[in-house]
Amino acid sequence: MALMLRPATTADVPHLQRWDREPHVIAATTDDPEADVAFEDAVWAEEVSCDDPASAYFIAELDGRPIGAMQVIDPALERTHYWGEDCPPNLRAMDIWIGEADCLGKGHGTVMMTIAINRAFAQPAVEAILIDPLNSSTDAHRFYQRLGFRPIGRRLFDDDDDCLVHRLDRADWRFGEADA
Ligand SMILES: CC(C)(COP(=O)(O)OP(=O)(O)OC[C@H]1O[C@@H](n2cnc3c(N)ncnc32)[C@H](O)[C@@H]1OP(=O)(O)O)[C@@H](O)C(=O)NCCC(=O)NCCS
């Protein structure tokens with residue numbers, strides 16, 4: 001099966017909106033048991049067409065079927081300053097979610113991350129990659145740590161998201177062979 005990671009377009013908005021309602025995606029974005037939507041502030045048509053050069057959304061396609069998404073940002077420059085006003089340069093921060101439940105746990109996330117990390121470190125200035133899974137998402141921690149990410153500390157984002165930030169330094173990455 002061939003997996004590709006391509007830029008998201010407005011044609012992907014229906015997929016992104018549907019994936020926001022998937023329980024496994026909601027569980028990855030909030031500890032609130034009452035939540036019924038993930039990324040509740042996201043207006044996807046605006047997100048995917050945003051002209052911020054420091055932020056990009058990608059869609060993973062498996063044999064032409066959209067199965068999930070990633071966001072890759074430069075956290076020092078990204079317009080919302082999600083990672084804080086004092087975030088150092090030469091980093092990337094990533095988000096990943098597989099929306100199609102029948103595609104979980106089959107290695108696709110590992111391929112998506114490998115492609116995105118290879119692309120990020122292909123830029124010589126990039127020193128490390130940050131990820132902010134919820135502290136409660138122990139499955140996701142195992143997934144990231146298997147790729148070489150290391151936990152660097154708890155941090156609250158958006159006032160109430162209790163996250164365990166992970167970091168992958170360039171020296172800890174062995175370029176994978178998943179890129180198409
Ligand atoms: C996390 C995620 C991208 C991993 O991709 P994947 O294709 O399912 O995972 P892979 O098959 O490549 O690797 C398997 C590992 O992923 C993790 N994983 C599997 N299903 C998962 C799920 N529903 N949620 C979180 N992590 C999961 C586990 O660590 C698993 O390892 P294990 O066999 O030791 O349990 C994917 O499961 C997902 O999108 N989950 C929901 C959203 C999410 O958790 N995003 C990350 C939030 S920071």
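At roughly what angle do the axes of helix H4 and helix H5 cross? This is a predicted model, in which local features need pLDDT of at least 70, side-chain atom pairs count only at pLDDT 80 or more, and totals for chains, interfaces and linings use all residues. Residues are numbered from 1 along each chain as its sequence is written, and side-chain values use heavy atoms, leaving out hydrogens and water.

Start with H4 (residues 108-121) and H5 (residues 138-147). Helices here are DSSP runs (H or I, at least four residues), numbered from the N terminus. The two axes cross at roughly 50 degrees and come within 11 Å. Axes are lines fitted to C-alpha atoms over the stretch in contact, with angles from 0 to 180 degrees between N-to-C directions.

Next, the contact itself (heavy atoms within 4.5 Å). H4 supplies Gly 109, Thr 110, Met 113 and Thr 114. H5 supplies Phe 143, Tyr 144 and Leu 147.

Now turn to the ligand. A ligand oxygen atom is 2.8 Å from a polar backbone atom of Gly 109. For Asp 139, a polar backbone atom is 2.6 Å from a ligand oxygen.

How values were computed
Helix = DSSP H or I, 4+ residues; strand = E, 2+ residues; numbered from the N terminus. Polar contact = N/O pair within 3.5 Å; in protein donor to acceptor, adjacent residues only side chain to side chain.
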